[in-house]
Amino acid sequence: MELVIGTKAWSSWSLRPWLALKRTGAAFQEIEVALRQGEVTTAEIGKISPSKLAPALKDGDLVVWDSLAICEYLAEKFPDAKLWPTDPALRALARATASEMHSGFQALRGECAMALDVAPHKLDISEATQKDVRKIVERWNQLLTRSGGPFLLGEWSIADAFWTPVATRFRTYEIKLADYGDAGAAQAYADRLLQTPEFLEWEQAAKA
């Protein structure tokens, strides 16, 4: 398998399936393409991906070019990795929250880009982004209460892969979740995401 990803410091979309693929333990070739290079970036990614966007997974003659679709494919290809919860109810919730992250929170995305190459610093975020943060804290607390943790739906899953870039944003822009109704569980969860061996490997490469 080959996984096309964007610049590790910036590409939140690439981080998600990369984490899932790492969790499978399967061998794969990583193809990192420099982002923000205009047509050069588009052309390089386009050598594999029909969308000309990262990420894209190539497995034989199959190419999957959406981060959530890649994760779904990996969950089916490697069932022993248990990338989704085994409990049907928790699995449904995991898919719901991954999809919610996949398509929502535009204010947070636009104002607080993933940036692993900069030091943490305080950013005065807009009311729209503050609304996103409140919603995230509420959702995390709901799911952690339902599952009992330690990750969002119990054991680590694709849902956690989708929320990991958000945890980096909270750290980079010094967004304290206690200011948004968190009693500590959501912040502890965010910190936990950034301490997984897979994320630490990605972060080390991004900083290098």
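Visitor: What classes of residue make up the lining of the second largest pocket?

Guide: Its lining divides into six nonpolar, three polar and four charged residues; Asp, Glu, Lys and Arg count as charged, Ala, Val, Leu, Ile, Met, Phe, Trp, Tyr, Cys and Pro as nonpolar, and the others, Gly among them, as polar. Lining residues have an atom within 4 Å of a point of the pocket, an open set on a 1 Å grid over the protein atoms alone where a 1.4 Å probe fits, with protein on both sides within 12 Å along at least five of seven lines. There are 13 of them, and Lys82, Trp84, Pro85, Glu155 and Trp156 lie nearest the centre.

Visitor: On what basis is the model described?

Guide: This is a predicted model, in which local features need pLDDT of at least 70 and side-chain atom pairs pLDDT 80 or more, while totals for chains, interfaces and linings use all residues. Residues are numbered from 1 along each chain as its sequence is written, and side-chain values use heavy atoms, without hydrogens and water.

Visitor: Why is Asp59 called buried?

Guide: Buried means under 20% relative accessible area, exposed over 50% and partly exposed in between (1.4 Å probe, protein chains only). Asp59 has 18%, so the residue is buried.

Visitor: What makes Trp140 and Phe170 an edge-to-face pair?

Guide: Rings of Phe, Tyr and Trp (its six-membered ring) pair if their centres lie within 6.5 Å; planes under 30 degrees apart are stacked, over 60 edge-to-face, and the rest tilted. With centres 5.8 Å apart and planes at 65 degrees, Trp140 and Phe170 are therefore edge-to-face.
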